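I am opening a notebook on a structure that is new to me. The entries below record what I looked up, beginning with the overall layout and going on to single residues.

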Amino acid sequence: MYFAGVDIGSTMTKVVVVDDDGQIRSRVIGPTGAEHRRLANRVMEEALKEAGTTFGEMAYVVATGYGRFNVPFADRDITELTCHARGIASLFPGVRTAIDIGGQDAKGLKIDDGKLVDFVMNDKCAAGTGRFLEVIAETFGMTLEELGEV
């Protein structure tokens with residue numbers, strides 16, 4: 001039995017397939033295009049192939065992100081803020097604050113016991129976001145991964 005998360009963000013799309021032991025079986029990441037439904041199907045098929053499984057073996061699929069409403073095979077769609085809060089609480093139970101630097105916006109999250117309590121968002125398009133960081137890395141002549149290490 002397998003589970004999947006599909007995150008169609010404003011600039012990048014991610015899929016993770018896990019087994020019933022919580023082990024990651026596959027992960028796919030790539031740029032988000034204009035046709036979210038077609039993209040969702042394509043990346044899910046790629047993730048299933050990489051995991052060595054089929055859609056028939058999927059127990060549950062959650063969609064999140066900017067394009068979450070365009071994942072026709074999802075059992076449920078959940079906001080990325082709620083997903084962040086639950087995921088953080090699962091991995092780091094004591095964390096109460098998180099920062100999401102997305103492709104088009106940045107958000108600060110206040111978390112209590114795995115629940116999103118409050119959040120703030122930047123009010124300028126692309127200010128302090130992933131795209132900004134990509135431009136800065138390029139300006140410095142380094143990759144985004146190298147900028148992260150710095």
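Predicted model: local features only at pLDDT ≥ 70, side-chain atom pairs only at ≥ 80, totals over all residues.

**Entry 1, layout.** I read the elements along the sequence and noted the pattern β-β-β-α-β-β-α-β-β-β-α-α, which gives the protein four helices and eight strands. Here helices (H or I, at least four residues) and strands (E, at least two) are DSSP runs, numbered from the N terminus.

Residues are numbered from 1 along each chain as its sequence is written, and side-chain values use heavy atoms, with hydrogens and water left out.

I looked up the radius of gyration, taken over C-alpha atoms, and the globule rule, which is 2.2 Å times the number of residues to the power 0.38. The protein has 16 Å, which agrees with the value near 15 Å that a compact globule of 150 residues would have. Along the principal axes, the C-alpha atoms fill a box of roughly 45 × 35 × 30 Å.

Of the 150 residues, 33% are buried, where buried means under 20% relative accessible area, exposed over 50%, and partly exposed in between (1.4 Å probe, protein chains only). I also noted 16 positive and 23 negative side chains, with the centres of the two sets 5 Å apart. For this count Lys and Arg are positive and Asp and Glu negative, while His and the chain ends are not counted, and the place of a charge is NZ of Lys, CZ of Arg, CG of Asp or CD of Glu.

I found Thr-64 in strand E4, which covers residues 58-64, and Thr-64 counts as buried because its relative accessible area is 9%. Not counting residues up to four places away in sequence, Thr-64 touches Val-6, Asp-7, Ile-8, Ile-78, Thr-79, Glu-80 and Cys-83. A polar atom of the Thr-64 side chain lies 2.7 Å from the backbone oxygen of Ile-78.

Which side chain makes a polar contact with that of Asp-100? I first set down the term: a polar contact is a pair of N or O atoms within 3.5 Å; within protein, one must be able to donate a hydrogen and the other to accept it, and residues adjacent in sequence count only if both atoms are side-chain atoms. The partner is His-84, at 3.0 Å, and the C-alpha atoms of these two residues, 16 residues apart along the chain, are separated by 8.3 Å. Asp-100 lies in strand E6 (residues 97-101) and is buried, with a relative accessible area of 12%. Apart from residues up to four places away in sequence, Asp-100 touches Glu-80, His-84, Asp-105, Ala-106, Lys-107 and Leu-109.

I placed Asn-70 in the loop between E4 and strand E5 (76-77), and at 26% relative accessibility Asn-70 counts as partly exposed. Leaving aside neighbours within four places in sequence, Asn-70 is in contact with His-36, Arg-37 and Ala-40, and a polar contact of 3.3 Å joins the side chains of Asn-70 and His-36.

Is Asp-21 buried or exposed? Asp-21 sits in the loop between strand E2 (12-19) and strand E3 (24-31), and I recorded Asp-21 as exposed because its relative accessible area is 62%. Asp-113, in the loop between strand E7 (106-112) and strand E8 (115-121), is exposed too, at 66% relative accessibility. Asp-113 has a positive phi of about 55° although it is not a glycine. Most residues other than glycine have a negative phi.

My last entry is on Val-117 in strand E8, which is partly exposed, with a relative accessible area of 47%. Leaving aside neighbours within four places in sequence, Val-117 is in contact with Lys-110, Ile-111 and Asp-112.

Terms used: Contact = heavy atoms within 4.5 Å.
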